[in-house]
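Student: I have a model open and would like to go through the labels attached to it. Can we set each label against its cut-off?

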Amino acid sequence: MTDVRVRFAPSPTGMFHVGGARSALFNWALAEQSGGRFVLRIEDTDAARNRPEWTAGIISALAWIGISGDSPYFEGPYFQSAYEAQHREAAALLRKDGRAYHCTCTREDVKARTGSEHQGYDGHCRDLGLTEGALRFRTPDEGVTVVEDALRGTVEFPNDAMEDFVIARGDGSPLFVLANVVDDVEMRITHVVRGEEHFSNTPKQQLLWRALGHTPPIWAHLPVIVNEKRQKLSKRRDKVALESYRDEGYLAEAMVNYLMLLGWGPGDDREIMPWSDMVPLFSLKNVNLSPAFFDEKKLRAFNGEYIRGLPLDVFIDRCAPWLDPAWDRETFTRVAELAQTRVAVLSEITANVDFLFLPEPIHDQPSWDKAMKPGAAEILSGYASRLETINWDPDSLKTALEEVGAHHGLKLGKAQAPIRVAITGRTVGLPLFESIEVLGRERTLDRLHTALAKLS
């Protein structure tokens, strides 16, 4: 299938939807496995959305998930606005061939004639021979338009249920339904893989393909992505921007793995698998038509698995954006292996290690109130006394606290609470005694004494 040319045609919106990212990846897999081309086309004809930074955001988001011009399978970006002459030429051709006609009817005119707000256009101007007004495509009066969808099979749309739809405005500027088809024809697109919300437009687009003298592409409309309430993901309600996950510290490879499994599976029980394993297995025939649940908890679990699988030096490098450049890399390296097993997203690294680099630990009042119960001062004081002279290694540090806790009738878990908050500022974090070892004797004692002073 070396002639496969898939297209991904997003509109600039200021954010890149995870549903769009899923569609892009399915297209990318088809292009790569066939040695074809992934054609990126920016639908930029809406002036209000035609902002360079938004287009740059699309390209950046795609590059983050591995889709970029660095690959021989990538082509573009093209811009729909650059093809307006071809759009107008196609509209004129359809008009000349009698496949389209001018119409001056308003919505109010149609309502007045039909007596209904909901009835479609009634074909009033079909045979009036007008030379101005919007341009409508003349849909067939009889028969059906048959759409072969790679997921849904054969779907028939009765032609008499389709109104004569507008393909160009009164000033000659083309509408999306026409521009989209013309662009696909110009770019020799063979496959259109997109969300099912576009399925209702497909019979209109297929009619245009044939009216312009071309064979329609292979259609595939992917299942909708829903939230935990089984509602379609919405940017007004749900966390849907791919950039927000990137900025929170999700790994691109984990995001790619998870998005590929939204509606598709490799046919076995595997879930965690690299892109190189998924590409040869991917098939539109195996895409499930049921709505795909975007489970952020599962994505988080995926990400944790990928983080734990990173080589330690790579993990350290990946954490860099969330660490203050002034923080000592050598010190961070000493606790990085401990942190790697405990963070699910990279942004969590800051709260796990900041105690090592700040002059004083953060003050989190709920953590302080939870840990500094009656008797906490005695634990802090007793432990500080022991730390003056003991060997400075995790085992010795743990044994000393066990002895202090036992003296006050506390098990280690209870005795640790005030010590951890005094040293790190938080009730949870890295293993306590390894943390104390790296922090050092002098700074540890300073923090215990500071906590004691606050209590007194």
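Student: Is the crossing of α11 and α12 left-handed or right-handed?

Tutor: The crossing of α11 and α12 is right-handed. Keep in mind throughout that this is a predicted model.

Student: Why are α11 and α12 called roughly perpendicular to each other?

Tutor: The axes of α11 (residues 312-319) and α12 cross at roughly 110° and come within 10 Å. Angles of 65 to 115 degrees count as roughly perpendicular, and α11 and α12 are therefore given that label. On the α11 side the contact is made by Leu312, Asp313, Phe315, Ile316, Asp317 and Cys319. On the α12 side it is made by Arg329, Phe332, Thr333, Ala336, Glu337, Ala339 and Gln340. By class, the contact of α11 with α12 has seven nonpolar, two polar and four charged residues.

Student: What makes α15 oblique to α16?

Tutor: α15 (residues 376-387) and α16 (residues 394-407) pack at an angle of about 140°, and their axes are 9 Å apart. Roughly antiparallel needs an angle over 145 degrees, and roughly perpendicular ends at 115. The angle of α15 to α16 therefore leaves the pair oblique. Their crossing is right-handed.

Student: Which residues of α15 and α16 meet?

Tutor: α15 brings Ile379, Gly382, Tyr383, Arg386 and Leu387, and α16 brings Leu397, Ala400, Leu401, Glu403, Val404 and Gly405. The contact of α15 with α16 divides into seven nonpolar, two polar and two charged residues.

Student: Where does Trp392 lie, and what is it in contact with?

Tutor: Trp392 lies in the loop between α15 and α16. Leaving aside neighbours within four places in sequence, Trp392 is in contact with Leu387, Leu397, Ile436, Glu437, Gly440, Arg441 and Thr444. One of these, Gly440, is 48 residues from Trp392 along the chain, with the two C-alpha atoms separated by 8.0 Å.

Student: Why is Gln340 called buried?

Tutor: Gln340 has a relative accessible area of 7%. Buried means under 20%, so Gln340 counts as buried. Gln340 is found in α12 (residues 329-340), and its side chain reaches the backbone oxygen of Ile307 at 2.8 Å. Not counting residues up to four places away in sequence, Gln340 touches Ile307, Arg308, Leu310, Leu312 and Phe315.

Student: What makes Asn159 count as buried?

Tutor: Asn159 is at 4% relative accessibility, so the buried label applies to it. The place of Asn159 is in the loop between β7 (153-158) and β8. A polar atom of its side chain lies 2.8 Å from the backbone oxygen of Glu142. With neighbours within four places in sequence left aside, Asn159 is in contact with Thr139, Pro140, Glu142, Gly143, Val144 and Thr145.

Student: What makes α5 mostly covered?

Tutor: Nine of the 11 residues of α5 (residues 176-186) are buried. Among them are Val177, Leu178, Asn180 and Asp183. What covers the buried residues of α5 includes β1 (5-8), β2 (37-42), α3 (84-96), β8 (166-168), β9 (191-195) and α6 (202-211).

Student: Why is Arg188 called exposed?

Tutor: Exposed means over 50% relative accessible area, and Arg188 has 54%, so it is exposed. Arg188 is in the loop between α5 and β9.

Student: What is the phi of Arg188, which is not a glycine?

Tutor: Arg188 has a positive phi of about 55°. Most residues other than glycine have a negative phi. Arg230, in the loop between β11 (225-226) and α7 (242-248), has a positive phi of about 60°. Arg230 counts as exposed at 53% relative accessibility.

Student: How do you know that the peptide bond from Gly76 to Pro77 is cis?

Tutor: Its omega is near 5°, and the bond is cis. Pro77 lies in β3 (residues 74-79). Most peptide bonds are trans.

Terms used. Residues numbered from 1 in each chain as written. Predicted model: local features only at pLDDT ≥ 70, side-chain atom pairs only at ≥ 80, totals over all residues. Heavy atoms only, no water. Axes fitted to C-alpha atoms, helices over the stretch in contact; angles between N-to-C directions. Helix = DSSP H or I, 4+ residues; strand = E, 2+ residues; numbered from the N terminus. Parallel < 35°, antiparallel > 145°, perpendicular 65-115°, else oblique. Left-handed = near helix turned anticlockwise from the far one by under 90°. Contact = heavy atoms within 4.5 Å. Nonpolar A, V, L, I, M, F, W, Y, C, P; charged D, E, K, R; others polar. Buried < 20%, exposed > 50% of the residue type's maximum accessible area, 1.4 Å probe, protein only. Polar contact = N/O pair within 3.5 Å; in protein donor to acceptor, adjacent residues only side chain to side chain.
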